[in-house]
Each structure stands twice: as C-alpha cells, then as structure tokens.
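I opened a structure that was new to me and kept notes as I went. The entries below are in the order in which I looked things up.

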Amino acid sequence: MEYTQLGRTGLKVSRIVLGTMNFGPQTDEDTSHGLMDAALDAGLNFFDTANVYGWGENKGRTEEIIGSWFAKGGERRDKTVLATKVYGGMAGDGKPWPNHDRLSALNIKRAVEASLRRLGTDYIDLYQFHHVDRRTPFEEIWQAIDVLIKEGKVLYAGSSNFPGYKIAQANETAARRGMVGLVSEQCLYNLAERRAEMEVVPAAQEYGLGVIPWSPLHGGLLGGVIRKEAEGRRRRDGRSASALENTKVREQVQAYEDLLDKHGLEPGEVALAWLLTRPGVTGPIVGPRTAEQLDSALRAVELDLSEELLASLDETFPGPGPSPEAFAW
C-alpha cells in the first residue's frame, strides 16, 4: 500500500479510502468486519463513514458496526485513521426536529458525542461537514470545533460537497481564529464527472486540502457496466442504469471499455488509478461489498497508466479545462 500526507497535515493515510456506506444496508455486520480486517491487513488505514449511514430508521447503524469491530481489540483503532461526518438530521423518531441537523454549535456538540458512543472510541481523527450550512456562520462552526479539538475529541476537520468559495470562506475564517481550518474536501469526482476541476480542486490545492473523491466509478458507470450488461450481470437500477439511457454517455462508456479492452485493463481499476494521477487527490473512496471488490480496488494503487493511455482517457472524457479560461475566454 502507498501512503501520502492528508493535505498539508502530517497525517499519513493510504491512497485508497475504505468507504463504509454499504455496511448495514447492503453488507451484514460479519461481512463488514471481514472487509475491515482485510483492508487493514492490506495496509489500508483510512476509513470513512458518516453519522447518517444506515439510512432511514437505521441511521447510525454503520457507525455501530465500525464500533463493534473496534471492540474486538487488537490494534484496530490505533491503526485506523477514522473519518466521519455531521450534518444530516438524526432525530430519534425519524422526524425533522430543531437543532438535530446542520452545523449549529449545539448540533455539532450533540452529533459528535453520539458518533463517539456508536463508534466506541474517544476521538475522531477527521470530522467532516457533510454539506454546506448556509444558515450557520463559520465563526460559530469553528468555535464548536475548537472546543472539540481542545477536548481531544476531534483532531482534524474536513468538508464534503463544498464549492470552492465555501472552502475559501471556511479557511479564511479559521485563519483569523488562529486555527488550522479544513484539511480535506470530499467531493464527487471521477472520469465521467470532472466539474470539480473548475473550482473545488483548485481551491483545495490553494488552501492545502487533500481531495477525497467519492463515487470514483460514478455509480458503476466506469466499472465495465456495458460488458456486465451484455453478460447479464448489471443491476437495473442506480446512476449507471439511468445514465446509459443517454446515447452520448453510452457511446463514451463504450469507447472507454473498448480502449481498456485493447490494453487488457479492468475499467474499474483504471478509473481509480486515473484519480490517483490527479493533482491534489489524496485517495478515492471505495465501497466494496465483497472481498473481490476490495482486492480489485487495492490493485489500482499498483497500476501505472502510460502517458498515451492518460491522453486517450482525456479524449474520451474531456475535463472542463483550467479556470477561469475554460469559461471566460
């Protein structure tokens, strides 16, 4: 496994991030524990979750599964860089309730205590804001985080789904308070969805944030979906199913799969490896449901993409170009 620094911090993290969103809803507890053990054995030390994972009436279930894995002992917690998130509503009865969502100081305090209980730990390595909160000023948000850092309950703060200007606002406000500010941004970024290159990635680089792409296969679209369709193995729902109804998208994906067939490469592994070549990227989040899917993701770290192949990928899925030239001139 290869490691890198998380943004401008001294924290070393694996170049693949284990996403746990499937733990509970799609992957049972025993299988989830097995996947986490296999990830750690392979040197993957960066685990990502969120307080709302488990969804619906089972919100928090994913954190509980991770907590029961930590409780097995050994060096599981010490070896893991643990990231979770706050923003979504967590009212116990499942109904919206004031101050049980977003980023008020009150909800941040309530949410972090609840996550710590579910995770069975006394600290969170990376606490991420799951979405922008247009109602709460960053002065209040950083005040709450400052308290948690001083209490030792949170070590670093990160963002998720932030536009570039909010990254700037957040870190300029933190700087005025003498705080480190955001150290990472988790965003939708992959070969088929490159809009993050316009503003989000440049802002992250300017402020020293590590970029953590989610949905690196774009809901399965970049994982050999047309081949699987021909073999009768593709799921008939989700982002990839609806995207392939667009003729232009289908032609792009077909060209992508044909290109990689010519090189004898697996589409999903190339999609991950491509992200690892992108400036500012710490590592993509993968959400395996099986050991085979985890093994495939780990192989991507060892994949060396030639300049010729990278150029061909750019032709198949062109990026937006540098900002502001891409839209101004």
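**Ground rules**

I am working from a predicted model, in which local features need pLDDT of at least 70 and side-chain atom pairs count only at pLDDT 80 or more, while totals for chains, interfaces and linings use all residues. Residues are numbered from 1 along each chain as its sequence is written, and side-chain values use heavy atoms, with hydrogens and water left out.

**Helix 11**

I began with helix 11 (residues 267–276). Helices here are DSSP runs (H or I, at least four residues), strands are runs of E (at least two), and both are numbered from the N terminus. I looked up burial next, where buried means under 20% relative accessible area, exposed over 50% and partly exposed in between, with a 1.4 Å probe and protein chains only.

**Helix 11 against helix 12**

I picked out one of these neighbours, helix 12 (residues 291–302). Its axis and that of helix 11 come within 8 Å and cross at roughly 45 degrees. That makes helix 11 oblique to helix 12. Angles under 35 degrees count as roughly parallel, over 145 as roughly antiparallel, 65 to 115 as roughly perpendicular and the rest as oblique. The axes are lines fitted to C-alpha atoms, for helices over the stretch in contact, and the angles run from 0 to 180 degrees between N-to-C directions.

Which residues make the contact? From helix 11 I noted Glu269, Leu272, Ala273 and Leu276, and from helix 12 Ser296, Ala297, Arg299, Ala300 and Val301. Contact means heavy atoms within 4.5 Å. By class, this contact of helix 11 with helix 12 has six nonpolar, one polar and two charged residues. Ala, Val, Leu, Ile, Met, Phe, Trp, Tyr, Cys and Pro count as nonpolar, Asp, Glu, Lys and Arg as charged, and the others, Gly among them, as polar.

**Helix 2 against helix 4**

I turned to helix 2 (residues 61–70) and helix 4 (residues 105–119), whose axes are 6 Å apart and pack at an angle of about 45 degrees. Helix 2 and helix 4 are therefore oblique to each other. Glu63, Glu64, Ile66, Gly67 and Phe70 of helix 2 meet Ser115, Arg118 and Leu119 of helix 4. I sorted the residues of this contact into three nonpolar, two polar and three charged.

Helix 2 is mostly covered, with seven of its 10 residues buried. The buried ones are Thr62, Glu63, Ile65, Ile66, Gly67, Trp69 and Phe70. I found that their cover includes helix 1 (29–41), strand 4 (46–48), helix 3 (76–79), strand 5 and helix 4.

**Cores**

How many residues has the largest nonpolar core? I read 73, and those with the most contacts inside the core are Tyr127, Phe129, Trp142, Ile145, Tyr189, Tyr256 and Leu313. Helix 11 gives the largest share of this core, seven residues. A nonpolar core is a set of buried Ala, Val, Leu, Ile, Met, Phe, Trp, Tyr and Cys residues joined through side-chain atoms within 4.5 Å.

I looked up tyrosine 127 and, not counting residues up to four places away in sequence, its contacts include Thr84, Lys85, Val86, Ile108 and Ile145. A second, separate core of 11 residues includes Phe46, Val81, Ala83 and Ile285.

**Helix 13**

Threonine 316 lies in helix 13 (residues 307–316). Is threonine 316 buried or exposed? At 14% relative accessibility it counts as buried. Leaving aside neighbours within four places in sequence, threonine 316 touches Gln252, Ala255, Tyr256 and Leu259.

Aspartate 314 is also in helix 13, and at 32% relative accessibility aspartate 314 counts as partly exposed.

I noted a cis peptide bond between serine 323 and proline 324, with omega about 10 degrees. Proline 324 sits in the loop between helix 13 and helix 14 (325–328).

Asparagine 99 has a positive phi, near 70 degrees, and lies in the loop between strand 5 (81–86) and helix 4. Histidine 218 has a positive phi near 50 degrees and lies in the loop between strand 9 and helix 8. Histidine 218 is buried, at 12% relative accessible area, whereas asparagine 99 is partly exposed at 39%.
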